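Hi everyone, thanks for coming.

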Amino acid sequence: MNIKKLLFIPLFIGFAVCSLKAAAATVDTVLTHSAIMNKDIKAVVIKPADYSSTKKYPVLYLLHGFSGNYSDWIKKVPAVAGLADTYHFIIVCADGDFAGWYFDSPIIKDSQYETYVGTELVNWVDKHYSTITDRKGRAITGLSMGGHGALYIAFKHLDKFGAAGSMSGAVDIRPFPDSFGIERVLGKYSEHPDRWEQNSVVNLIYLLKPNSLAITFDVGYDDFLYQANQELHEKLLERKVPHDYTVRPGGHTWEFWGNSINYQALFFSRFFGGKNS
């Protein structure tokens, strides 16, 4: 065998590895501002390797769960950055507070996370990045509390989001009157049952018309939120609202969500009309 060829192979491999590293997505932690809460809030913004100010990119907003924050996704599932490269969209990991539930709280002035994520953050991202400033270029999803938040915000802001998803979403908050800090932002269920009824995703389907929103959601068969997601699926069927619904083996775990985001990213890329769909 030619020695020159033997020498060339590792050099080529080394060059390929360097090229891959150079082509990685850019992960930034940014400081955004909420006027309604009068405070600065951090977010993670992941730009694809081919990002350029001369092109317009769709944006996927990704929400964390109860007790988490804006950095959860990139820390627990670092591979999520690669999805920005694969599908050529921007990913924004928003903050919804420890237990903000993505509501505009009627009792806590600095817990207005529906307005922050659904309006203020969207406007901030559109101002600072080269985005498609239209609902056709925006999607939102999240896990658990964030799964509730993503559907809740999308249902109520159809002018802003064209697609929405949920992973193990707490789509019915009523079974948890004493858990997960929901009473802190809505008030006690025993005193304000109307607030709990009006803010459960399963009760907001009336806001949708068939094909008004591209929807995908999933849940593990062993997840304690399985039944609520099954009910949401059945209600959407009753109202003839198209959606993708998947039940897979698994529970309420990062292993499940780290797998789920791959399927949902493909769904959103197809909605955006991506070339790698």
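Let's start where two helices meet: Tyr113, Glu114, Val117 and Gly118 in helix 4 touch Tyr152, Ile153 and Lys156 in helix 5, where contact means heavy atoms within 4.5 Å. Helices here are DSSP runs of H or I with at least four residues, strands are E runs of at least two, and both are numbered from the N terminus.

Before going on, two notes. This is a predicted model, in which local features need pLDDT of at least 70 and side-chain atom pairs count only at pLDDT 80 or more, while totals for chains, interfaces and linings use all residues. Residues are numbered from 1 along each chain as its sequence is written, and side-chain values use heavy atoms, leaving out hydrogens and water.

Back to our pair. Helix 4 (residues 113-128) and helix 5 (residues 145-156) pack at about 65°, with axes 10 Å apart. The axes are lines fitted to C-alpha atoms over the stretch in contact, and angles run from 0 to 180 degrees between N-to-C directions. Helix 4 and helix 5 are therefore roughly perpendicular, a label for angles of 65 to 115 degrees.

Now look at Asp40, in strand 2 (residues 39-47). Leaving aside neighbours within four places in sequence, Asp40 is in contact with Leu31, Thr32 and His33.

Finally, in helix 3 (residues 80-87), the residues Val80, Ala81, Leu83, Ala84 and Tyr87 are buried.

Conventions. Buried < 20%, exposed > 50% of the residue type's maximum accessible area, 1.4 Å probe, protein only. Parallel < 35°, antiparallel > 145°, perpendicular 65-115°, else oblique.
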